[in-house]
Amino acid sequence: MKFSNPYLRKPNHQFWKKAFGRGGESLLDPVVSTSFKIENTDRVVTAGSCFAQHVARYLTNAGFNHFVTEKGHPAISKKVLREFNYGIFAARYGNLYTSRQLLQFLKSVYGDFKPLDDAWKGKAERWIDPFRPNIQPGGFVSKQELLQDRRQMLGFAREALSNAQVFVFTLGLTECWLDKRDGSTYPLAPGVSGGSFDDEIHEFKNLSVDDIVGEMKESIQLLREVNPELKVILTVSPVPLNATALDQHVWVSTTYSKAVLRVAAEQICKEFDRIDYFPSYEIITAPHHKSAYYGPDFREIQPQGVEHVMRIFLKHYGQGDIQEGVPEEIQDSRENDKQTQKIEGMLEVLCDEESIEQ
Amino acid sequence: MSHIGALTHANQLKEEPAFSLINLRRLGIRGGWLNEQRKLKDVVFYDSLSNKELFPLIGGRYHRFFEAIESFFHLNRLSSIFFRWGWLSKRRKPKKTRIAGVSAKKHFVSMMGGQLHNIFGLMEHTVKFTFHFPLDQHDETFTDCMERTQIPYEVIYAHFYEHSKIAIFEPLKDTFNFFEGKSVHLCPPPPIRSNEYIRQNLDPYFKELPSSEIAPPALRLRLYQLYCLVLKDLCVEYGIVCLPAPEQAVCEKGFLIDDFRNNDCTHANEKYGSLVFEQLKGYLL
């Protein structure tokens, strides 16, 4: 009888003690292999929750071709364009927190989705886009302006998604709010940043693993119908829920939500070729960091955390002239407190969820 | 000055000072208006050219005075040496009651920044644009709206606001406070309606733009009206008065009446200046 067990001669990364190496937690690299590389000329489109904005920004800084089709009019100053959320993603589609929102967005871009309730009245006679409620600080001046801006955005998004080579999507939430009449999904509950909540019309939904897997499959199929060579990277946002609609502790809702998203991501990756799961969630939440990658509110991700995630991303996906390592701004921030504040400003993200507390 | 230069989609505008001179002359402050101006002895008129002369001295920041001297005589680093050696003492601080020979007991009229809307949209941009103007009460439309890129109203408002604040209101903040009389900002004259007139009288720097096409009158009008709104809001913010274009010079559609056109594409003539003068007298005196 031989002395043997199934763990013998397995690589180091499969063992807790050997997986992290020596020399500090910043070496944590949970990526074992990737199914493709990203050339610096590859057009990369990003979407998803707040965390996806960090990813997008770092891709740009690192020399990837973060593909932006709706850049804002060239006559407008860059500062103002940033304030109005141009250039955060490929087009001004805002945060897509859930798989259902992504699918709905893709149906708007490529097809037949026409919501019953397409504009909400905001404060001071302004109009709020229910599907990107914080995209336009101050709101739109008329419903006509809002609808035209959305049409324009969808055109830019179509151009981006049809020509992208890599699509990075960050799954953010399972909790969402729907319109019962046509199933429209909102990033924020009606009444938070515009419109008004009506329990005859609106309902809460907490997506299950099956919901998410089904919606993501449909989304990927839709994308690959128009763009068959598209490569996809899925991530799960490490940012906890800002609020839960369930009568339970927000942390309990957070762990449920992240667990569901993580399981769904795993299943989707197993079913499709050229789809990778990238463990940004694991890097940020790893016990080694003792929550140091979270800000004072234990929710916002610190620049060092994002930097760690993106360093690993570059290491495994980058090639060619892509600059591996820490973006210059981050290096400076370590040396100068004032600069750190500047970076934090730079990393300030559009987060619809925060409106819930306002 | 550089602030205004940086505004432009018209980054191609090379000689910003030329714009200031033209602005000054054609609004009627110099030339035929000088005699009138003498009657308003208690008023300081101020635009981006005279700003150069006055502003360095305002606000008790006397190193600016040395910077001005330094620049005039090409004495590089003079002021920094004086400061380092401690030669700049309180005795050099200008008296608060007079600056550049001007008494504080006067009214103050700012005419800066009169061209931002024109720089932005007199000529078609290579990326043609439109925007919704919620206060548009005039029956002025243009037909190719749907083919144009729509810029949200709030985006253009923020752009105008940002640049006007940096280029006009922040630099003049101390000046507004210095003068003990009323501080007033004049809105620029309304746009000329006729594209043909504009084409025939186009200023050289507009000819240097990539697009030789003149924007539709309705778009020019909306930009003008939006810019005046921004100026009005900023005036409220800085606690000064915003004087609109004189009603007698504005047609019912909102454009400059032909009689008040100057022989160029953006400015009004001296007749218009006289109306502004009367308007000011009514308000200030």
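**Where chain B meets chain A**

Me: How many salt bridges does the rule find across the interface of chain B and chain A?
Reply: This is a predicted model. A salt bridge needs a side-chain nitrogen of Lys or Arg within 4 Å of a carboxyl oxygen of Asp or Glu. The side chains of A:Arg126 and B:Glu154 meet in this way, at 2.0 Å from N to O. Across the interface of chain B and chain A, the count of salt bridges is two.

Me: Which element gives the most residues to the side of chain B that touches chain A?
Reply: Two elements of chain B give two or more residues to that side, β6 (149-150) and α8 (153-178). The one that gives the most, with eight residues, is α8(B).

Me: Which class, nonpolar, polar or charged, has how many residues on the side of chain B that touches chain A?
Reply: The contact takes 24 residues from chain A and 22 residues from chain B. By class, the side of chain B has three charged, seven polar and 12 nonpolar residues.

Me: Which three residues supply more of the area that chain B buries against chain A than any other three?
Reply: Together the two chains bury about 1,800 Å², and carbon and sulfur atoms carry 63% of this. On chain B, 31% of the area buried against chain A comes from three residues, B:His132, B:Gln150 and B:Glu154.

Me: What percentage of the residues of chain A count as buried?
Reply: Chain A has 11 helices and 10 strands. A residue counts as buried at under 20% relative accessible area. Of the 358 residues of chain A, the buried share is 54%.

Terms used:
Residues numbered from 1 in each chain as written. Chains lettered and ligands numbered in written order. Predicted model: local features only at pLDDT ≥ 70, side-chain atom pairs only at ≥ 80, totals over all residues. Heavy atoms only, no water. Helix = DSSP H or I, 4+ residues; strand = E, 2+ residues; numbered from the N terminus. Buried < 20%, exposed > 50% of the residue type's maximum accessible area, 1.4 Å probe, protein only. Contact = heavy atoms within 4.5 Å. Buried area = accessible area lost by both parts, 1.4 Å probe. Nonpolar A, V, L, I, M, F, W, Y, C, P; charged D, E, K, R; others polar.
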